Structure formats: structure tokens, C-alpha cells
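Me: Can you walk me through this model? Keep it quick.

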Amino acid sequence: VSRKLMHHCFSLGINFRGCSGELNRNIGGYHFGFTDDLKQLIIETNNDKRNGQKAPIFLSGFSLGANVVLKLLGELGDTAKELNIWGCAVTGAPFSCFKSNEFMLKSSFSQAVYIKAIVKSIRDKAIIQVESNPGSSIDINKLRSVTTQAEYENVYTAPIYGFKDYVDYYAKTECDRFIDSISVPTLVVNSIDDPFFPPDSIPNENIHRPLNIARTQHGGHLGFMFHRVKARSKLMANASWMPTELARFISHAHDKTTN
């Protein structure tokens, strides 16, 4: 997306805590609904003297990041433009964590391939963080034994961030309950054959909100992000259909804002 927007604007990326290749020094780091860091970055960008003309801000994200972006826009509601946010384009948004969790558990393939790999990755990282913070109240033995996402959320995420359990956590963080409050032009592109999300988790259009939800027949979970196209330039060769589509929407929203 940044490459496709190079001739339109300056792009700034954010890594969630612990996702930059360096573990967060404090226990925890981020979760589905952790919007604090993104909001703070937006505030700092607006306060940066190099942004003297207050150039409009457009947000983008994918997967968990898409949930964080949409949740933040819903939290801000009509005040988004007070932070100079004028639009958004995301992909792979997990509208319902509950439905996603149930959907994946029903699939033996997802259990064997996706769930096992995902849980191992987040569990191993969490174990290192608990061991690095000896004063933590997290039961490391229980953490070592988790085999599902819900177990992980109950043992690790919920107690760190003050949720009762994974049910409380999902109910308070999934973006589906926030999108009706979004006030800026927003595009969401999700694939119907995404192995993480059931098709019925994608909400219907609502003409009362500036939210366009596009559904593709194929693409999996972010799989279409790296499809190549016949390129007339090196720039095109490095940007496939998905980032091109997200950038197209942001460019369109930008033109509407500045004209």
C-alpha cells in the first residue's frame, strides 16, 4: 500500500509491541482491541512540526490490525476528523472473534494447521515474556499447557488486560460492535473463502454509515496480498491487487478531501 501511495502521500507504519523482531520489555504488548498505541501515534503525527499543514491522515491495516483500526474509528465516532482522520482501507478484518473461533474449531484442517501453529507462536512468545517478568501473576505452567486460542486468552490475555475471560475479551474488542459509529469513508475487503472467518461473519451493508464492505470469492486470509500482476514498472511489480485496491480507495478519499 505504501508503494502504491508513494506519489500521493507520506506513509508511516506501526508495529504492534513485540512484532518488530524485538520482544516487548513489559508483559503483554497488544491485543485485538488495543487502540491506545495507534491513537497516540496519530496524536504525535498531528503534533509533529514537520506536519505543519496538517495533511489529512488515512488509516490502513490487515487481519488483527484491521480490527484495531476499525475499532478505533468506531470509538472516535464523529470526533475522528478532530484528529485529522479522513478515511480508511483495510483487509482481512475479523468482524466476530466468537464466530471465527467456532468456525476454525469445526475444521480438522484448521485445527491441525492454523490453530496449532498460531497457538504455539503466541504461547512461546508469552512464555518468554512471563519468564522475563518474574513478578507476573500469570501461571506459567497453565500457559505452557494451552492448546487453543480461547485457553490462551483465559490464561494470558484476559488477566493482563483486565478482562474476565476470553468471552468478555472478545465481546469488548471485536470490531463488529463498533463499526456503526464509524464516520469517515472506509473500505473493508474480505474474502469469502477465508479459512479464519465464516462467510456469515461479514456484516451486511448499512446505508447510514460511510462503510463499504467488499467481498471477493477467493483470496483466503490475506492470500491475495502477494499475487503478482503483469507490471509495466518495478513499482507495479511490487504491489499486487489487494494493496492496489486499498491504495485506490485511499487515493480517491484523499482527492475528495483536498478538492
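**Sheet, cores and a few residues**

Reply: Start with helix 2. In this predicted model, helix 2 lies across strand 1, strand 2 and strand 3 (186–191). Helix 2 runs at about 150 degrees to strand 2.

Me: Which elements does the protein have in total, and how many helices and strands is that?
Reply: Nine helices and four strands. From the N terminus, the order is α-β-α-β-α-α-α-α-α-β-β-α-α.

Me: In what order do the strands sit in the sheet?
Reply: The order is 1-2-3-4. The sheet is open and its pairing is parallel.

Me: Which strands stand at the edges?
Reply: Strand 1 and strand 4. Each has a single partner strand, so one side of each has no neighbour in the sheet. From one strand to the next, the twist averages 15 degrees.

Me: How many bridges join strand 1 to strand 2?
Reply: Six, and the two strands run parallel. In one of the pairs, Gly61 has Val90 of strand 2 as its bridge partner.

Me: On to packing. Which residues touch the most other members of the largest nonpolar core?
Reply: Ile42, Leu59, Leu70, Leu73, Ile85, Phe95 and Val188. That core has 34 residues. Elements giving two or more residues to this core include helix 1 (36–47), strand 1 (57–62), helix 7 (166–173) and strand 4 (211–216). Helix 2 (64–76) and strand 2 (85–91) are also on that list.

Me: Which helix gives the most to this core?
Reply: Helix 2, with eight residues.

Me: What does Leu73 touch, leaving out residues up to four places away in sequence?
Reply: Leu59, Ile85, Cys88, Ser181, Ile182, Val184 and Thr186.

Me: And which residues are in the other core, apart from the largest one?
Reply: That core has 14 residues, among them Met104, Val130, Ile138 and Phe196.

Me: Zoom out. How much of the protein is buried?
Reply: Buried residues make up 45% of the 259. The protein exposes about 14,300 Å². Carbon and sulfur atoms supply 52% of that area.

Me: What share of contacts join residues at least 24 apart?
Reply: 72%, counting contacts between residues at least 6 apart in sequence.

Me: Is Thr91 buried or exposed?
Reply: Buried, because its relative accessibility is 1% and the cut-off is under 20%.

Me: New topic: Thr157. Where is it found?
Reply: In helix 6 (residues 149–161). Thr157 is buried, with a relative accessible area of 5%.

Me: Which side chain does the Thr157 side chain make a polar contact with?
Reply: The side chain of Glu153, at 2.7 Å. Leaving out residues up to four places away in sequence, Thr157 also touches His31, Tyr152, Phe163 and Tyr169.

Me: Last one, backbone. What is the phi of Ser63?
Reply: Positive, about 55 degrees, although Ser63 is not a glycine. Ser63 sits in the loop between strand 1 and helix 2. Its relative accessibility is 18%, so it counts as buried.

Me: And what is the phi of Asn84?
Reply: About 70 degrees, positive, and Asn84 is not a glycine. Asn84 lies in the loop between helix 2 and strand 2. At 12% relative accessibility, Asn84 counts as buried.

Methods:
Residues numbered from 1 in each chain as written. Predicted model: local features only at pLDDT ≥ 70, side-chain atom pairs only at ≥ 80, totals over all residues. Heavy atoms only, no water. Buried < 20%, exposed > 50% of the residue type's maximum accessible area, 1.4 Å probe, protein only. Contact = heavy atoms within 4.5 Å. Areas by Shrake-Rupley, 256 points an atom, 1.4 Å probe, with all protein chains shown as cover. Core = buried A, V, L, I, M, F, W, Y, C linked by side-chain atoms within 4.5 Å. Pairing = 2+ DSSP bridges. Axes fitted to C-alpha atoms, helices over the stretch in contact; angles between N-to-C directions. Polar contact = N/O pair within 3.5 Å; in protein donor to acceptor, adjacent residues only side chain to side chain.
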